[in-house]
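Please view the sequence and the structure together before reading on.

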Amino acid sequence: MRVFSEDLSVMTVTYALLDKGSDSTLCKRDLAESLGQKGMESSFTLNSVEKKGSSKTGQIVALEVKSIDGEVVELPKIQTMNEIPVSSECTAKHEDIKKWSHLKDIESPEVNAKVSLLIRNDVPEVFWVEE
């Protein structure tokens, strides 16, 4: 996924996961820093299957992402954290995608990156399915 600074002046490519069960949009701190984004320091609580009530600190930043078809979507309130504990096995590989006939025409280049962005369900346009 192409990720941009809030003013679209800087861009990088990374993997993002859509998580309908998450209550926060998260990005790795180094992703925000590479895009020149600095925000106000904040504390938040992270709940997961493994641990409930884990206190974290980070910054609140805003980014924009661009879909494969070029649509730009604003992510106005993202909490940064040092690491997003997601395995690289969670990313879709080209050979995985081409197994599904309805996805065969989607270009999905593989990038040398980890998952650096977790988008929660308060950004409905990233969850839209087109037929």
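In this predicted model, Leu26 stands opposite Leu118, a residue of strand S8. The two strands concerned, S4 (residues 26–28) and S8, run antiparallel and are joined by two bridges.

**Strand S8 and its partners**

Strand S8 spans residues 115–120, and five of its six residues are buried. Besides the antiparallel pairing with S4, S8 pairs in the parallel sense with strand S3 (residues 15–19), over five bridges. Within that part of the model, Leu18 has Ile119 of S8 as its bridge partner. In general, side chains along a regular strand alternate between the two faces of the sheet.

**The second largest pocket**

The second largest pocket holds about 560 Å³ of space. Its lining comprises 21 residues, and those closest to its centre are Leu26, Leu46, Asn47, Ser48 and Pro85. Strands S3, S5 (40–46) and S6 (54–66) are the elements that give two or more residues to the lining. Sorted by class, the lining has eight nonpolar, seven polar and six charged residues.

**Salt bridges**

How many salt bridges does the structure hold? There are two, and they are set out below.

| Salt bridge | Distance, N to O |
|---|---|
| Glu83 and Lys28 | 3.6 Å |
| Arg29 and Glu41 | 3.9 Å |

The side chains of Glu83 and Lys28 meet in one of these contacts. Glu83 lies in the loop between strand S7 (72–81) and helix H2 (94–97), whereas Lys28 belongs to strand S4, so this pair ties together parts that are 55 residues apart in sequence. Lys28 has a relative accessible area of 7% and is therefore buried, the limit for that class being under 20%. Glu83, at 42% relative accessibility, counts as partly exposed.

The side chains of Arg29 and Glu41 form a salt bridge as well. Arg29 is found in helix H1 (residues 29–34) and Glu41 in strand S5, so the parts that this pair ties together are twelve residues apart in sequence. Glu41 has a relative accessible area of 49% and is partly exposed.

**Strand S4 in context**

How values were computed. Residues numbered from 1 in each chain as written. Predicted model: local features only at pLDDT ≥ 70, side-chain atom pairs only at ≥ 80, totals over all residues. Heavy atoms only, no water. Buried < 20%, exposed > 50% of the residue type's maximum accessible area, 1.4 Å probe, protein only. Helix = DSSP H or I, 4+ residues; strand = E, 2+ residues; numbered from the N terminus. Pairing = 2+ DSSP bridges. 1 Å grid on protein atoms, 1.4 Å probe; cavity = no way out; pocket = protein on both sides within 12 Å on 5 of 7 lines; lining within 4 Å. Points joined across faces, edges and corners; volume = space filled by probe spheres on them. Nonpolar A, V, L, I, M, F, W, Y, C, P; charged D, E, K, R; others polar. Salt bridge = Lys/Arg side-chain N within 4 Å of Asp/Glu carboxyl O.
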